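Please view the sequence and the model below before reading on.

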Amino acid sequence: MAFNFDESIDRRHSDSYKWQKYHDRDVIPLWVADTDFRSPPCIIEALHARVEHGVFGYGAPPAELAALFVERMLTRYQWRVKPEWLVFLPGLVSGLNLAVRALTQADSSVVIPAPIYPPFRAAARGAERGQRLAPMVLAEERWRVDLTAIEPEMDGSEQLLMLCNPHNPGGTVYRREELAQHLAFAQRHDLLVCSDEIHCDLLLEPGVAHIPFGSLGEVAEQRSITLMSPSKSFNIAGLGASLAIIPNARLRMKFIAQRSGIVPNVDVLAYVAATAAWRDGQPWLEEQLDYLRGNRDWLAARINTLPGLSMAAPEATYLAWIDAGRLGVDNPQRFFEQAGVGLSPGADFGDPRFVRLNFGCPRALLVQAVERMARAVQALG
């Protein structure tokens, strides 16, 4: 292995949002979705070179970055994306909020899978839009959204379908036929689609391929916004580089109009990091994926031996969605926090029976954390 993912990097005394939460307590933080891995050397070297230049004025999206992304879409997904379709953003969450505000009216509703990454529902709530929650159902060890379950509740106010692929927190990678069902649902109810695909590079299950929603064809292109970023894949979330792919010119103009004067441009160092990631970062990414697969496999095997806990191994992401409903405690997140492990509460995602665990860390730290969880569970008797 050319890169050392076992390296322990002390983040406790840095500006880490993840580690500062428990800076004065003996709690291992495995909650918010950034990894504890050093970013790829190619990114660090590119940032050093840019800092040495010494001038940090306003920046524009580099032509090289757009070209790299267009080539990436073509070679990975056979999707012919045009540079003019791209809108660069300082973070993917801003894209979720802009999509809701640009693509829906004040008296409309948004269709959202549940449980889901909390900013999805927060975007609808912040824009004062109604919500239709389509339940995620565990079937054959995969979390799948049941869109048909909410059709009896729909009243025609719905204007936007939100998709998370790969799914956070469930880790599902949607197959082509499942995406086709989403498209048919959107056509049947005349919905636009916003697809968050930030974890598309983090595929762990052999033989599983990511398929962008917009790549399904022109019909999908013309009614969708696709959000992507190198931030999760290359651990550069703090730099803030994301983009929206919006083929429909009318939707693109509405999206851009919503951001005007509110959402800032991307930082010049973020452009540098994103360019280096997509140009030179693939060898690092492949080794990270091998390491994450090992973490996932160890974690799933260990969690599923613990009484009261279960998890379906995620097909993608470095996030485990752990069912603690049979544990017999009122608040699983608080229970494990008291045992020295900081997890994300399932209530934030829509199901208080669960916790979400971030296994994007050195394996020794993961083992230490899970053994704390095991001792706590076993102490319940």
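Predicted model: local features only at pLDDT ≥ 70, side-chain atom pairs only at ≥ 80, totals over all residues.

Residues are numbered from 1 along each chain as its sequence is written, and side-chain values use heavy atoms, with hydrogens and water left out.

**Helix α4**

- Helices (H or I, at least four residues) and strands (E, at least two) are DSSP runs, numbered from the N terminus.
- Of the 12 residues in α4, 9 are buried, so the helix is mostly covered; buried means under 20% relative accessible area, exposed over 50%, and partly exposed in between (1.4 Å probe, protein chains only).
- The buried residues of α4 include L92, L96 and L103.

**Helices α10 and α13**

- Helix α10 (residues 282-303) and helix α13 (residues 363-379) pack at an angle of about 10°, with axes 11 Å apart; axes are lines fitted to C-alpha atoms over the stretch in contact, and angles run from 0 to 180 degrees between N-to-C directions.
- That angle makes α10 roughly parallel to α13, a label for angles under 35 degrees, while over 145 is roughly antiparallel, 65 to 115 roughly perpendicular and the rest oblique.
- Among the residues that meet are Y291, W298 and R302 in α10, and R363, L366 and M373 in α13; contact means heavy atoms within 4.5 Å.

**Residue D34**

- D34 lies in the loop between β1 (28-29) and α2 (41-53).
- With 17% relative accessibility, D34 counts as buried.
- Beyond its neighbours within four places in sequence, D34 is in contact with R11, K18, N235, Y318, N358 and G360.

**Residue I43**

- I43 belongs to helix α2 and is buried, at a relative accessible area of 1%.
- Not counting residues up to four places away in sequence, I43 touches F234, I236, A273, A276 and A277.
- I43 and G381 are 338 residues apart along the chain, and their C-alpha atoms are separated by 49 Å.

**Residue D107**

- D107 sits in the loop between α4 and β3 (109-114) and is exposed, with a relative accessible area of 63%.
- D107 and R176 are 69 residues apart in sequence and 32 Å apart in space, C-alpha to C-alpha.
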